[in-house]
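Reader: I would like to learn how to read a helical model. Take me through it step by step.

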Amino acid sequence: MEGYPNAAAKFSKEANLPPHQDSPSMRARQEIQNHIYSGRIQAAIEALNELDPEILDEDKALHFSLLRLQLVELIRSCNDAGDITPALKFATEQLGPRAPTNPKFLEDLEKTMALLLFPPDGLEPQLAALLDPELRRAAADSVNKAVLEKQSARREAAIRHLVKLRAWAENSAREKGLNLPDRLDIGLKGDEQDQQSLTHPPVENTHEPMVTG
């Protein structure tokens, strides 16, 4: 879930669990996290949009936080190069139009722009925190959480659709006069099966597969 397939695979092996499946989604999340950890925020945004363009479109706060982090990385580079023009241009074009839509956005932008007014080695703790690697880790965690929540919502929606489709098929069959039992098993364990599994557990392996993706 945190996007570390190698660690999940090693844990599965040591715990004698079924082999870990390194899914494309997990690899994509790991790639996005690595981009953020390395300060390549534009690459992270592009990879996230390629994975699911709806995430940043729907989560304005997450999008703004990534753009602000990108501005921080630009300011870091500008301070080293002695030219703040790229940072000012990015702030004006990307963050400026979004900041007035939310007081928190405006406050965050003002704090970030203050990094241009003071030398990096003389910043107040509140401003110095913007240059701390912890900001990258927090952004990576937020992105990973957003992706997982979106994927979970889609799986839930798909399950709901299948249940509705099954109910429709059953009702249609009954309306046509087909002889069906009063209650049809949909493949989930009922109370009787649960009780039986408690009193007569499987002999070989009682562990359920762990979802590591």
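Reader: In which helix is D108 found?

Author: First, a caution: this is a predicted model. D108 is found in helix α7.

Reader: Is D108 buried or exposed?

Author: Buried means under 20% relative accessible area. D108 has 10% relative accessibility, so D108 counts as buried.

Reader: Which residues does D108 touch, not counting those up to four places away in sequence?

Author: With that exclusion, D108 touches F64 and R68.

Reader: Let us turn to A87. Where is A87 found?

Author: A87 is in helix α6.

Reader: What is the relative accessible area of A87?

Author: The value is 0%, so A87 is buried.

Reader: Which residues does A87 touch, leaving out those up to four places away in sequence?

Author: A87 touches L71, L74, I75, C78 and L116. There is also a C-alpha separation to note. A87 and S77 are 10 residues apart along the chain, and their C-alpha atoms are separated by 8.8 Å.

Reader: Now helix packing. How are two packed helices described?

Author: By the angle between their axes and the distance between the axes. Take helix α2, residues 24-37, and helix α3, residues 41-51. They pack at an angle of about 160°, and their axes are 7 Å apart.

Reader: Are α2 and α3 roughly parallel or roughly antiparallel?

Author: The cut-off for roughly antiparallel is over 145 degrees. At about 160°, α2 and α3 are therefore roughly antiparallel to each other.

Reader: Is the crossing of α2 and α3 left-handed or right-handed?

Author: α2 passes α3 in a left-handed crossing.

Reader: Which residues of α2 and α3 meet?

Author: From α2 come A28, R29, I32, H35 and I36. In α3 they meet I41, A43, A44, A47, L48 and L51. By class, this contact has 9 nonpolar, 1 polar and 1 charged residues.

Reader: How many residues are in the largest nonpolar core?

Author: That core has 37 residues. Those with the most contacts inside it are I36, L48, L66, L71 and V143. Several helices supply at least two residues each, among them α2, α3, α6 and α7. The largest share, 9 residues, comes from α5.

Notes. Residues are numbered from 1 along each chain as its sequence is written. This is a predicted model: local features need pLDDT of at least 70, side-chain atom pairs count only at pLDDT 80 or more; totals for chains, interfaces and linings use all residues. Side-chain values use heavy atoms; hydrogens and water are left out. Axes are lines fitted to C-alpha atoms, for helices over the stretch in contact, and angles run from 0 to 180 degrees between N-to-C directions. Helices (H or I, at least four residues) and strands (E, at least two) are DSSP runs, numbered from the N terminus. Angles under 35 degrees count as roughly parallel, over 145 as roughly antiparallel, 65 to 115 as roughly perpendicular and the rest as oblique. A crossing is left-handed if the near helix is turned anticlockwise from the far one by less than a right angle, and right-handed if clockwise. Contact means heavy atoms within 4.5 Å. Ala, Val, Leu, Ile, Met, Phe, Trp, Tyr, Cys and Pro count as nonpolar, Asp, Glu, Lys and Arg as charged, and the others, Gly among them, as polar. A nonpolar core is a set of buried Ala, Val, Leu, Ile, Met, Phe, Trp, Tyr and Cys residues joined through side-chain atoms within 4.5 Å. Buried means under 20% relative accessible area, exposed over 50%, partly exposed in between (1.4 Å probe, protein chains only).
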